[in-house]
Amino acid sequence: MSFSSEDESEAQFSSTDGESDEEILGSYDRTPASHTDPSLYVIEPSEQIYFSSLKRSEHILAISAMATRHNLSQTAILDILDLIQIHIPDANIGLTSVSKLKDECGFGTQYLNYHIYCDNCKKTFDDNSNECPTPGCRGFKNNPEFRKYFVTSNLSYQLKEILERPGLWNLIEQNYNVEANTSVISDVKSGSEYLKLKEPGNFLYKSSNITLTLFTDGIPLFSSSSVSLWLVYLIINELPPKERFQRTNMILWGIWQGVGKPKMCMFLKPLVLDLHNRYQIGMTFLVDGRTVSLRAMLILATMDLQARAYVLNMTQHNGLNGCLYCKEPGVVVASGKGNCRSYPYNESPILRSEEEARNSATLARNEGKRIDGFFGENVFMYLPYFSMTKNVTIDYMHGVLLGVTKTILDIWFDSKHSQNAWYIGDKIKEVDAILKKIKPPYFIHRRPRIL
(Lines give C-alpha, C1' and ligand atoms only; values in the text may rest on other atoms or scores of the structure.)
Protein backbone atom coordinates (compact mmCIF):
# COMPACT_ATOMS: atom_id res chain seq x y z
CA MET A 1 0.00 0.00 0.00
CA SER A 2 1.41 3.40 -0.90
CA PHE A 3 0.36 7.03 -1.18
CA SER A 4 2.15 9.50 -3.41
CA SER A 5 1.51 12.63 -5.42
CA GLU A 6 2.82 13.75 -8.75
CA ASP A 7 5.44 15.76 -6.93
CA GLU A 8 8.29 13.36 -6.17
CA SER A 9 9.19 15.41 -3.10
CA GLU A 10 5.92 14.43 -1.39
CA ALA A 11 6.24 11.82 1.33
CA GLN A 12 5.29 8.23 0.52
CA PHE A 13 3.77 5.70 2.85
CA SER A 14 4.44 2.07 1.97
CA SER A 15 4.05 -1.39 3.46
CA THR A 16 5.70 -4.68 2.84
CA ASP A 17 4.78 -5.85 -0.63
CA GLY A 18 1.98 -8.34 -0.69
CA GLU A 19 0.54 -7.50 2.72
CA SER A 20 -3.10 -6.42 2.92
CA ASP A 21 -4.37 -3.51 4.99
CA GLU A 22 -6.04 -5.94 7.40
CA GLU A 23 -2.76 -7.80 7.89
CA ILE A 24 -0.91 -4.58 8.58
CA LEU A 25 -3.45 -3.29 11.08
CA GLY A 26 -3.74 -6.70 12.65
CA SER A 27 -0.03 -6.72 13.39
CA TYR A 28 -0.42 -3.86 15.86
CA ASP A 29 -0.88 -4.74 19.52
CA ARG A 30 -4.31 -3.48 20.59
CA THR A 31 -3.93 -4.34 24.26
CA PRO A 32 -4.30 -1.48 26.77
CA ALA A 33 -1.38 0.92 26.61
CA SER A 34 1.35 0.57 29.18
CA HIS A 35 3.50 3.27 30.72
CA THR A 36 5.76 2.99 27.73
CA ASP A 37 2.92 3.62 25.27
CA PRO A 38 0.41 5.89 27.08
CA SER A 39 -3.10 6.68 25.81
CA LEU A 40 -3.70 10.12 24.38
CA TYR A 41 -6.23 10.93 27.10
CA VAL A 42 -6.90 9.24 30.41
CA ILE A 43 -8.97 12.00 32.07
CA GLU A 44 -12.73 11.79 32.45
CA PRO A 45 -14.64 14.17 30.11
CA SER A 46 -16.41 17.19 31.56
CA GLU A 47 -18.65 19.94 30.20
CA GLN A 48 -15.80 20.76 27.87
CA ILE A 49 -15.02 18.51 24.90
CA TYR A 50 -12.56 16.85 27.25
CA PHE A 51 -10.42 18.11 30.09
CA SER A 52 -8.58 20.91 28.33
CA SER A 53 -8.80 24.63 27.72
CA LEU A 54 -10.71 24.06 24.46
CA LYS A 55 -14.37 25.02 24.83
CA ARG A 56 -17.15 23.60 22.68
CA SER A 57 -17.77 26.99 21.07
CA GLU A 58 -14.08 27.20 20.13
CA HIS A 59 -14.25 23.65 18.77
CA ILE A 60 -17.18 24.66 16.51
CA LEU A 61 -15.51 27.91 15.47
CA ALA A 62 -12.24 26.19 14.56
CA ILE A 63 -13.96 23.59 12.38
CA SER A 64 -16.11 26.26 10.67
CA ALA A 65 -13.06 28.45 10.02
CA MET A 66 -11.13 25.58 8.49
CA ALA A 67 -14.07 24.51 6.32
CA THR A 68 -14.48 28.08 5.06
CA ARG A 69 -10.78 28.75 4.56
CA HIS A 70 -10.25 25.63 2.44
CA ASN A 71 -13.69 25.51 0.82
CA LEU A 72 -14.23 21.98 2.11
CA SER A 73 -17.00 19.71 0.89
CA GLN A 74 -19.44 18.10 3.32
CA THR A 75 -17.61 14.79 2.89
CA ALA A 76 -14.28 16.41 3.81
CA ILE A 77 -15.82 18.10 6.88
CA LEU A 78 -17.34 14.80 8.01
CA ASP A 79 -13.95 13.09 7.62
CA ILE A 80 -12.35 15.78 9.81
CA LEU A 81 -15.04 15.31 12.46
CA ASP A 82 -14.41 11.56 12.42
CA LEU A 83 -10.67 12.16 12.65
CA ILE A 84 -11.15 14.37 15.71
CA GLN A 85 -13.37 11.76 17.35
CA ILE A 86 -10.75 9.01 17.19
CA HIS A 87 -8.26 11.30 18.95
CA ILE A 88 -10.42 12.12 21.97
CA PRO A 89 -12.26 9.99 24.55
CA ASP A 90 -15.55 8.37 23.57
CA ALA A 91 -17.57 10.35 26.12
CA ASN A 92 -17.21 13.83 24.65
CA ILE A 93 -19.52 16.57 23.39
CA GLY A 94 -17.68 17.25 20.16
CA LEU A 95 -19.54 17.46 16.86
CA THR A 96 -20.16 14.23 14.97
CA SER A 97 -22.17 15.33 11.91
CA VAL A 98 -22.25 18.14 9.37
CA SER A 99 -25.94 18.80 10.03
CA LYS A 100 -25.21 19.49 13.70
CA LEU A 101 -22.39 21.84 12.67
CA LYS A 102 -24.80 23.76 10.42
CA ASP A 103 -27.38 24.00 13.18
CA GLU A 104 -24.80 25.29 15.64
CA CYS A 105 -23.62 27.92 13.14
CA GLY A 106 -27.14 29.07 12.33
CA PHE A 107 -27.55 27.35 8.97
CA GLY A 108 -30.49 25.19 10.02
CA THR A 109 -33.95 25.57 8.54
CA GLN A 110 -35.14 27.39 11.65
CA TYR A 111 -32.59 30.14 10.95
CA LEU A 112 -32.35 30.38 7.16
CA ASN A 113 -34.80 30.06 4.29
CA TYR A 114 -33.73 29.02 0.80
CA HIS A 115 -35.95 30.48 -1.92
CA ILE A 116 -35.66 28.57 -5.20
CA TYR A 117 -36.61 30.59 -8.28
CA CYS A 118 -36.67 30.23 -12.05
CA ASP A 119 -33.76 32.04 -13.65
CA ASN A 120 -35.74 32.35 -16.88
CA CYS A 121 -38.70 34.39 -15.60
CA LYS A 122 -37.47 35.32 -12.09
CA LYS A 123 -40.46 33.78 -10.27
CA THR A 124 -40.11 31.57 -7.21
CA PHE A 125 -41.07 27.91 -7.58
CA ASP A 126 -43.95 26.51 -5.55
CA ASP A 127 -42.83 24.14 -2.81
CA ASN A 128 -44.79 21.16 -4.15
CA SER A 129 -44.31 21.69 -7.87
CA ASN A 130 -41.44 21.10 -10.25
CA GLU A 131 -42.85 23.38 -12.96
CA CYS A 132 -42.39 27.13 -13.11
CA PRO A 133 -45.58 28.99 -12.05
CA THR A 134 -45.32 31.41 -14.99
CA PRO A 135 -47.58 30.34 -17.89
CA GLY A 136 -45.53 29.40 -20.94
CA CYS A 137 -42.19 29.39 -19.10
CA ARG A 138 -39.96 26.38 -19.82
CA GLY A 139 -38.25 26.42 -16.43
CA PHE A 140 -38.18 23.35 -14.20
CA LYS A 141 -37.03 23.20 -10.58
CA ASN A 142 -34.91 20.09 -11.12
CA ASN A 143 -33.10 21.62 -14.12
CA PRO A 144 -29.81 23.26 -13.00
CA GLU A 145 -30.02 25.63 -15.97
CA PHE A 146 -33.11 27.30 -14.50
CA ARG A 147 -32.82 26.48 -10.80
CA LYS A 148 -31.38 29.39 -8.78
CA TYR A 149 -31.90 30.45 -5.19
CA PHE A 150 -31.37 33.24 -2.68
CA VAL A 151 -31.15 33.04 1.10
CA THR A 152 -33.05 34.95 3.77
CA SER A 153 -32.82 34.78 7.54
CA ASN A 154 -35.44 34.43 10.25
CA LEU A 155 -36.10 38.02 11.34
CA SER A 156 -37.80 37.05 14.62
CA TYR A 157 -34.95 34.74 15.60
CA GLN A 158 -32.29 37.42 15.00
CA LEU A 159 -34.27 40.08 16.84
CA LYS A 160 -34.75 37.72 19.77
CA GLU A 161 -31.06 36.79 19.83
CA ILE A 162 -30.02 40.46 19.87
CA LEU A 163 -32.58 41.73 22.39
CA GLU A 164 -31.96 38.88 24.86
CA ARG A 165 -28.27 39.74 25.21
CA PRO A 166 -27.45 40.91 28.73
CA GLY A 167 -28.04 44.62 29.22
CA LEU A 168 -29.15 45.41 25.67
CA TRP A 169 -32.88 45.74 26.35
CA ASN A 170 -32.08 47.92 29.37
CA LEU A 171 -30.23 50.28 27.03
CA ILE A 172 -33.32 50.52 24.81
CA GLU A 173 -35.58 51.23 27.81
CA GLN A 174 -33.22 53.91 29.12
CA ASN A 175 -32.89 55.43 25.66
CA TYR A 176 -36.67 55.58 25.28
CA ASN A 177 -37.01 57.89 28.28
CA VAL A 178 -34.38 60.37 27.06
CA GLU A 179 -36.11 63.53 25.89
CA ALA A 180 -35.14 64.50 22.35
CA ASN A 181 -33.83 68.02 21.75
CA THR A 182 -36.22 69.20 19.06
CA SER A 183 -34.04 72.23 18.25
CA VAL A 184 -31.10 70.05 17.19
CA ILE A 185 -31.26 67.12 14.77
CA SER A 186 -28.65 64.72 16.17
CA ASP A 187 -30.20 61.33 15.42
CA VAL A 188 -33.13 59.65 13.71
CA LYS A 189 -35.00 59.97 17.01
CA SER A 190 -34.76 63.77 16.76
CA GLY A 191 -36.76 63.83 13.54
CA SER A 192 -40.33 65.12 13.47
CA GLU A 193 -41.73 61.93 11.91
CA TYR A 194 -40.15 59.79 14.63
CA LEU A 195 -41.47 62.06 17.37
CA LYS A 196 -44.97 61.76 15.91
CA LEU A 197 -44.75 57.99 16.41
CA LYS A 198 -44.25 58.58 20.17
CA GLU A 199 -47.42 60.61 20.55
CA PRO A 200 -50.34 59.03 22.45
CA GLY A 201 -52.08 56.34 20.42
CA ASN A 202 -49.26 56.00 17.88
CA PHE A 203 -46.91 53.08 17.33
CA LEU A 204 -44.06 54.08 19.67
CA TYR A 205 -46.30 55.29 22.49
CA LYS A 206 -45.87 51.73 23.78
CA SER A 207 -42.25 51.72 24.93
CA SER A 208 -41.65 48.04 24.04
CA ASN A 209 -42.21 48.62 20.30
CA ILE A 210 -39.19 49.18 18.08
CA THR A 211 -38.44 50.61 14.63
CA LEU A 212 -36.01 49.43 11.95
CA THR A 213 -33.83 50.95 9.24
CA LEU A 214 -33.02 49.03 6.04
CA PHE A 215 -29.82 49.16 3.99
CA THR A 216 -29.22 47.38 0.71
CA ASP A 217 -26.61 47.52 -2.01
CA GLY A 218 -24.89 45.34 -4.56
CA ILE A 219 -21.18 44.74 -5.04
CA PRO A 220 -19.36 43.01 -7.95
CA LEU A 221 -17.66 39.80 -6.85
CA PHE A 222 -15.14 39.80 -9.71
CA SER A 223 -13.74 42.59 -11.83
CA SER A 224 -13.87 40.44 -14.95
CA SER A 225 -17.49 39.24 -14.75
CA SER A 226 -21.00 40.56 -14.08
CA VAL A 227 -21.59 38.34 -11.04
CA SER A 228 -22.72 40.46 -8.10
CA LEU A 229 -23.72 40.04 -4.47
CA TRP A 230 -26.67 41.90 -2.93
CA LEU A 231 -27.09 42.17 0.83
CA VAL A 232 -30.00 43.46 2.92
CA TYR A 233 -29.29 44.70 6.44
CA LEU A 234 -31.61 45.95 9.19
CA ILE A 235 -30.71 47.92 12.32
CA ILE A 236 -32.69 48.75 15.46
CA ASN A 237 -33.16 52.51 15.75
CA GLU A 238 -33.93 52.47 19.49
CA LEU A 239 -30.41 51.31 20.37
CA PRO A 240 -27.95 54.09 21.22
CA PRO A 241 -25.89 54.97 18.11
CA LYS A 242 -22.70 53.39 19.44
CA GLU A 243 -24.40 49.99 19.89
CA ARG A 244 -26.74 50.39 16.92
CA PHE A 245 -24.04 50.06 14.27
CA GLN A 246 -22.01 47.29 15.89
CA ARG A 247 -21.92 44.21 13.68
CA THR A 248 -23.27 41.96 16.40
CA ASN A 249 -26.38 44.15 16.68
CA MET A 250 -27.09 44.39 12.96
CA ILE A 251 -29.47 41.99 11.21
CA LEU A 252 -28.27 40.40 7.98
CA TRP A 253 -31.67 39.56 6.49
CA GLY A 254 -30.93 38.42 2.93
CA ILE A 255 -28.20 37.47 0.44
CA TRP A 256 -28.56 37.19 -3.32
CA GLN A 257 -25.76 36.20 -5.70
CA GLY A 258 -26.00 35.95 -9.44
CA VAL A 259 -25.37 37.52 -12.82
CA GLY A 260 -26.64 41.08 -13.06
CA LYS A 261 -29.09 42.33 -10.45
CA PRO A 262 -31.91 40.60 -8.58
CA LYS A 263 -35.57 41.02 -9.41
CA MET A 264 -36.30 43.19 -6.40
CA CYS A 265 -40.00 42.35 -6.12
CA MET A 266 -39.06 38.67 -5.90
CA PHE A 267 -36.06 39.19 -3.59
CA LEU A 268 -37.75 41.53 -1.10
CA LYS A 269 -41.22 39.96 -1.03
CA PRO A 270 -40.32 37.61 1.90
CA LEU A 271 -38.99 40.63 3.80
CA VAL A 272 -42.22 42.58 3.36
CA LEU A 273 -44.25 39.58 4.51
CA ASP A 274 -41.98 39.19 7.55
CA LEU A 275 -42.16 42.90 8.38
CA HIS A 276 -45.93 42.85 8.01
CA ASN A 277 -46.16 39.98 10.52
CA ARG A 278 -43.83 41.70 12.97
CA TYR A 279 -45.99 44.84 12.71
CA GLN A 280 -49.36 43.08 13.04
CA ILE A 281 -48.57 40.08 15.24
CA GLY A 282 -45.30 41.00 16.91
CA MET A 283 -43.11 38.60 18.89
CA THR A 284 -41.98 37.79 22.43
CA PHE A 285 -38.60 37.34 24.08
CA LEU A 286 -37.18 36.94 27.60
CA VAL A 287 -35.35 39.60 29.59
CA ASP A 288 -34.22 38.80 33.14
CA GLY A 289 -36.84 36.08 33.44
CA ARG A 290 -39.77 38.23 32.27
CA THR A 291 -41.56 37.95 28.94
CA VAL A 292 -41.57 41.07 26.78
CA SER A 293 -43.96 41.50 23.85
CA LEU A 294 -43.03 43.85 21.05
CA ARG A 295 -43.96 44.85 17.54
CA ALA A 296 -41.53 46.12 14.90
CA MET A 297 -41.98 48.68 12.15
CA LEU A 298 -39.77 49.66 9.20
CA ILE A 299 -39.53 53.45 9.15
CA LEU A 300 -36.41 54.09 7.05
CA ALA A 301 -34.83 52.65 3.93
CA THR A 302 -31.56 54.04 2.65
CA MET A 303 -29.58 53.05 -0.45
CA ASP A 304 -27.66 54.67 -3.28
CA LEU A 305 -29.45 56.07 -6.33
CA GLN A 306 -28.96 52.99 -8.50
CA ALA A 307 -30.21 50.58 -5.83
CA ARG A 308 -33.14 52.87 -5.04
CA ALA A 309 -34.25 52.80 -8.67
CA TYR A 310 -34.18 48.98 -8.70
CA VAL A 311 -35.97 48.62 -5.36
CA LEU A 312 -38.70 51.16 -6.15
CA ASN A 313 -39.05 50.05 -9.77
CA MET A 314 -38.19 53.51 -11.09
CA THR A 315 -36.07 54.97 -13.84
CA GLN A 316 -32.46 55.68 -12.92
CA HIS A 317 -31.42 59.08 -11.55
CA ASN A 318 -30.12 60.11 -14.98
CA GLY A 319 -33.43 59.31 -16.68
CA LEU A 320 -36.61 61.30 -17.24
CA ASN A 321 -38.44 62.00 -13.94
CA GLY A 322 -35.75 60.15 -12.04
CA CYS A 323 -36.27 62.08 -8.78
CA LEU A 324 -38.40 60.33 -6.17
CA TYR A 325 -39.26 63.49 -4.28
CA CYS A 326 -40.35 65.93 -6.99
CA LYS A 327 -41.73 65.98 -10.53
CA GLU A 328 -38.83 67.85 -12.10
CA PRO A 329 -38.13 66.07 -15.43
CA GLY A 330 -34.59 67.42 -15.73
CA VAL A 331 -32.80 68.45 -18.92
CA VAL A 332 -30.03 66.76 -20.90
CA VAL A 333 -26.85 68.85 -21.08
CA ALA A 334 -23.37 68.31 -22.49
CA SER A 335 -20.88 66.93 -20.00
CA GLY A 336 -17.30 66.14 -21.00
CA LYS A 337 -17.38 63.97 -24.10
CA GLY A 338 -21.01 62.96 -23.59
CA ASN A 339 -24.26 64.12 -22.03
CA CYS A 340 -25.90 63.92 -18.64
CA ARG A 341 -29.23 64.84 -17.09
CA SER A 342 -29.18 68.03 -15.05
CA TYR A 343 -31.79 69.48 -12.73
CA PRO A 344 -31.63 73.29 -12.95
CA TYR A 345 -32.45 75.21 -9.77
CA ASN A 346 -36.15 75.86 -9.31
CA GLU A 347 -37.41 77.97 -6.43
CA SER A 348 -40.84 76.33 -6.52
CA PRO A 349 -40.46 72.67 -7.54
CA ILE A 350 -43.56 70.50 -7.72
CA LEU A 351 -43.15 67.95 -4.95
CA ARG A 352 -44.34 64.40 -5.46
CA SER A 353 -46.90 63.27 -2.88
CA GLU A 354 -47.14 59.68 -1.65
CA GLU A 355 -50.55 59.30 -3.24
CA GLU A 356 -49.25 60.51 -6.61
CA ALA A 357 -46.26 58.15 -6.43
CA ARG A 358 -48.49 55.14 -5.71
CA ASN A 359 -50.95 56.11 -8.44
CA SER A 360 -48.13 56.50 -11.00
CA ALA A 361 -46.68 53.10 -10.07
CA THR A 362 -50.08 51.37 -10.32
CA LEU A 363 -50.89 53.08 -13.62
CA ALA A 364 -47.49 52.08 -15.02
CA ARG A 365 -48.16 48.46 -14.10
CA ASN A 366 -51.62 48.49 -15.68
CA GLU A 367 -50.54 50.20 -18.90
CA GLY A 368 -47.17 48.49 -19.22
CA LYS A 369 -45.19 51.69 -19.73
CA ARG A 370 -43.28 54.24 -17.68
CA ILE A 371 -45.44 56.82 -15.91
CA ASP A 372 -43.76 59.81 -14.19
CA GLY A 373 -40.57 57.80 -13.68
CA PHE A 374 -42.23 54.58 -12.44
CA PHE A 375 -42.18 51.30 -14.38
CA GLY A 376 -44.61 49.58 -12.03
CA GLU A 377 -45.36 48.78 -8.42
CA ASN A 378 -42.77 47.82 -5.80
CA VAL A 379 -42.93 45.63 -2.71
CA PHE A 380 -42.83 48.50 -0.21
CA MET A 381 -46.24 49.62 -1.46
CA TYR A 382 -47.65 46.57 0.34
CA LEU A 383 -46.54 47.87 3.73
CA PRO A 384 -49.61 49.98 4.61
CA TYR A 385 -47.70 52.32 6.91
CA PHE A 386 -44.67 52.86 4.64
CA SER A 387 -44.30 56.01 2.54
CA MET A 388 -41.90 56.00 -0.40
CA THR A 389 -41.53 59.79 -0.40
CA LYS A 390 -40.96 60.05 3.38
CA ASN A 391 -39.44 56.76 4.54
CA VAL A 392 -36.93 56.30 1.69
CA THR A 393 -34.25 58.81 2.63
CA ILE A 394 -31.83 60.83 0.53
CA ASP A 395 -28.44 59.16 0.07
CA TYR A 396 -26.20 61.34 2.23
CA MET A 397 -22.95 59.48 1.55
CA HIS A 398 -22.99 59.73 -2.25
CA GLY A 399 -24.80 63.06 -2.26
CA VAL A 400 -22.49 64.92 0.13
CA LEU A 401 -19.31 63.00 0.94
CA LEU A 402 -17.96 62.25 -2.53
CA GLY A 403 -16.77 65.68 -3.67
CA VAL A 404 -20.09 67.55 -3.95
CA THR A 405 -19.32 69.82 -0.99
CA LYS A 406 -15.88 70.66 -2.38
CA THR A 407 -17.43 71.61 -5.72
CA ILE A 408 -19.98 73.87 -4.03
CA LEU A 409 -17.27 75.54 -1.94
CA ASP A 410 -15.28 76.29 -5.10
CA ILE A 411 -18.36 77.87 -6.68
CA TRP A 412 -19.08 79.97 -3.59
CA PHE A 413 -15.56 81.16 -2.78
CA ASP A 414 -13.42 81.02 -5.94
CA SER A 415 -12.71 84.56 -7.15
CA LYS A 416 -13.43 83.59 -10.76
CA HIS A 417 -17.12 83.60 -9.77
CA SER A 418 -16.93 87.02 -8.10
CA GLN A 419 -19.35 88.57 -10.59
CA ASN A 420 -22.05 85.97 -9.96
CA ALA A 421 -24.91 86.35 -7.48
CA TRP A 422 -23.91 83.29 -5.45
CA TYR A 423 -20.33 84.46 -4.76
CA ILE A 424 -19.59 84.87 -1.00
CA GLY A 425 -15.81 84.93 -1.07
CA ASP A 426 -15.92 88.30 0.68
CA LYS A 427 -17.70 86.77 3.70
CA ILE A 428 -15.13 84.14 4.69
CA LYS A 429 -14.79 85.46 8.27
CA GLU A 430 -18.52 85.13 8.86
CA VAL A 431 -18.51 81.58 7.45
CA ASP A 432 -15.50 80.63 9.61
CA ALA A 433 -17.36 81.81 12.72
CA ILE A 434 -20.30 79.56 11.80
CA LEU A 435 -18.03 76.57 11.17
CA LYS A 436 -16.43 76.96 14.62
CA LYS A 437 -19.84 76.60 16.27
CA ILE A 438 -20.54 73.20 14.71
CA LYS A 439 -20.45 70.34 17.23
CA PRO A 440 -20.19 67.10 15.24
CA PRO A 441 -21.41 63.77 16.70
CA TYR A 442 -18.95 61.36 18.28
CA PHE A 443 -18.45 59.20 15.19
CA ILE A 444 -17.08 62.12 13.10
CA HIS A 445 -13.45 62.33 14.20
CA ARG A 446 -12.31 65.37 12.19
CA ARG A 447 -13.52 68.63 13.66
CA PRO A 448 -14.67 71.46 11.35
CA ARG A 449 -11.82 73.71 10.19
CA ILE A 450 -11.87 77.30 9.09
CA LEU A 451 -11.67 78.04 5.37
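The model is predicted. Its chain has 451 residues, of which 34% count as buried, and its secondary structure comes to 15 helices and twelve strands. Among contacts in the chain with a separation of 6 or more, 53% are between residues 24 or more positions apart.

**Helix α6**

- Helix α6 spans residues 168–176, and its buried residues are Leu168, Trp169, Ile172, Asn175 and Tyr176.
- These residues lie on the same side of α6 because they cover an arc of only 125 degrees around the axis.

- Strands β8 and β9 run antiparallel and are joined by five bridges.
- Within this pairing, Leu286 has Thr291 of β9 as its bridge partner.
- Two residues lie between the strands of the hairpin, and Asp288 takes a positive phi near 50 degrees.
- Leu294 belongs to strand β9 and counts as buried, at 2% relative accessibility.
- Beyond its neighbours within four places in sequence, Leu294 is in contact with Leu163, Trp169, Ser208, Asn209, Ile210, Gly282, Met283 and Phe285.
- Trp169, one of these contacts of Leu294, is also one of the buried residues of α6.
- Leu294 and Ser207 are 87 residues apart in sequence, and their C-alpha atoms are 8.8 Å apart in space.

**The six-stranded sheet**

- Six strands form an open sheet in the order β3-β4-β7-β6-β5-β10, and their pairing is mixed.
- From one strand to the next, the twist averages 20 degrees.
- Strand β3 is joined by seven bridges to strand β4 (residues 147–153), and the two run antiparallel.
- Leu112 is placed opposite Ser153 of β4.

**Helices packed on the sheet**

- Helix α5 lies across β4, β5, β6 and β7 (251–259), and runs at about 140 degrees to β7.
- Helix α9 (residues 264–280) also packs on the sheet, where it touches β3, β4, β5, β6, β7 and β10.
- The direction of α9 makes about 165 degrees with that of β7.

- Thr302 is located in strand β10 (residues 296–302).
- Apart from its neighbours within four places in sequence, Thr302 is in contact with Thr213, Leu214, Phe215, Thr216 and Thr393.

**The α2–α3 pair**

- Helices α2 (residues 56–69) and α3 (residues 74–85) pack at an angle of about 140 degrees, and their axes are 11 Å apart.
- The crossing of these two helices is right-handed.
- On α2 the contact is made by His59, Ile63, Met66 and Ala67, and on α3 by Ile77, Ile80, Leu81 and Ile84.
- The residues of this contact comprise seven nonpolar, one polar and no charged.

Key. Residues numbered from 1 in each chain as written. Predicted model: local features only at pLDDT ≥ 70, side-chain atom pairs only at ≥ 80, totals over all residues. Heavy atoms only, no water. Axes fitted to C-alpha atoms, helices over the stretch in contact; angles between N-to-C directions. Helix = DSSP H or I, 4+ residues; strand = E, 2+ residues; numbered from the N terminus. Left-handed = near helix turned anticlockwise from the far one by under 90°. Contact = heavy atoms within 4.5 Å. Nonpolar A, V, L, I, M, F, W, Y, C, P; charged D, E, K, R; others polar. Buried < 20%, exposed > 50% of the residue type's maximum accessible area, 1.4 Å probe, protein only. Arc of directions from axis to C-beta. Pairing = 2+ DSSP bridges.
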